[in-house]
Amino acid sequence: MMQGITFPGDGSVVLKEFPAPQPGPGEVVVRMRASGMCGSDLHFYRGAVSFGGSADTIQGHEPCGDVHAVGEGVSPDTASVGDRVMIHHYWGCDVCEQCRSGWPQMCDRGNAQTMSITTHGGHAPYAVVPARTLLPLPDGLSYKAGAAIGCGTGTAWGGLMRLGDVGGKTLVVFGQGPVGLSGTMLASALGARVIAVDVNDSRLERARKFGASAVVNSADVDLSATIADLAGRKGVEMILETSGVAGADALSVLGKWGRACFIGLPGEVHFRTEEQYKNQWTIMTSWTMSTIQQRRCAEFIVEQGLPIDDLYTHSWSLDQAVEAYQWFDKQSDGKGVFEF
């Protein structure tokens, strides 16, 4: 038996007993080394039932660890005991166009499974997953880094890939929580001039350390005027909105031919076509990343020597789960991780 973190949906945490998983055909058991806390956990923690999930489902969708056991039919080229691995925390039918192109979360047959929602996640000592979900964790990365790349940091990377070539562009990143800070760090390494926006000065100070060329506290200034002064032009070229609450602010600073990607949840974006069509905007959303881009994100971080571990401000053990989520629910600091 083992313990795993579950959410009743009332703003509390319960550690429940579960049988230690055994791998079936095509499956592996991963021994968790790090399981990240993601902002979307709070939808389940607070009881946002529209996101699904169950009070009997182990939480955690940023898992990273070692292969512990291998099921029948899994070749050594796919997984061997002791392999350091990340997990793409979705899987689907493995046959449709979306699954075969590395996007199982968009399975055309509606068979997508998601760790922490439809199946057990990584906030436990062990998890069983299909072997095809595994991605190698580069030697230059810690387990904590692999966990971050599995969702939060990978989500920022996915949004930047949707925006296209950010090199040499001025990019405003709205929100400097873990996803936004990841966006700031990655975009800066990709050659963008990043303006970081938040309402929390301590987060903005961290954004400077992660490569922001300028920071703006949108609660203290006229945002449009300040961004215009910093950008040296009327409107910026690119926007990455990660907070889920700054849709109107984002569009207010986007210039002609601008490109905006919205990844923050819940997120509302409104505009009147008659007032904006002459701007020739490209507006898009992004949902985490493909298996291919998860691996590429990890490789890029190693190539650039980026300090992904510095995203974390708190590490917890499993028996500190109640305290950990009480802290995380305040959303006043950085990123947390359970280490095993």
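Trainee: Is Glu303 buried or exposed?
Mentor: Exposed, at 52% relative accessibility. Keep in mind that this is a predicted model.

Trainee: Which side chain does Glu303 meet in a salt bridge at 3.1 Å?
Mentor: That of Arg296. The distance is N to O. Arg296 is partly exposed, because its relative accessibility is 31%.

Trainee: Which residues are in the salt-bridge network there?
Mentor: Four names to note: Arg295, Arg296, Glu299 and Glu303. Salt bridges link them in a network.

Trainee: OK, and how many salt bridges in total?
Mentor: The count comes to 10. One of them joins Asp329 and Arg46, at 2.7 Å from N to O.

Trainee: Where do Asp329 and Arg46 sit in the chain?
Mentor: In distant parts of it. Asp329 belongs to helix 11, residues 321–329, and Arg46 to helix 1. They are 283 residues apart.

Trainee: What about accessibility for that pair?
Mentor: Asp329 is partly exposed, at 28%. Arg46 is partly exposed too, with a relative accessible area of 47%.

Trainee: Now Arg203 and Asp198. Buried or exposed?
Mentor: Both are buried. Their side chains form a salt bridge, with 3.8 Å from N to O.

Trainee: Why no salt bridge for Asp41?
Mentor: Look at the distance. Lys335 is the nearest side chain of opposite charge, and it is 7.5 Å away. A salt bridge has to be within 4 Å, so Asp41 has none.

Trainee: What does Asp41 touch, then, leaving out residues up to four places away in sequence?
Mentor: Phe7, Gly36, His61, His123 and Tyr325.

Trainee: Which residues line the largest cavity?
Mentor: Trp327, Phe328, Gln331, Ser332, Asp333 and Gly334.

Trainee: How does that lining divide by residue type?
Mentor: Two nonpolar, three polar and one charged.

How values were computed. Residues numbered from 1 in each chain as written. Predicted model: local features only at pLDDT ≥ 70, side-chain atom pairs only at ≥ 80, totals over all residues. Heavy atoms only, no water. Buried < 20%, exposed > 50% of the residue type's maximum accessible area, 1.4 Å probe, protein only. Lys, Arg positive; Asp, Glu negative; His and termini not counted. Contact = heavy atoms within 4.5 Å. Helix = DSSP H or I, 4+ residues; strand = E, 2+ residues; numbered from the N terminus. 1 Å grid on protein atoms, 1.4 Å probe; cavity = no way out; pocket = protein on both sides within 12 Å on 5 of 7 lines; lining within 4 Å. Nonpolar A, V, L, I, M, F, W, Y, C, P; charged D, E, K, R; others polar.
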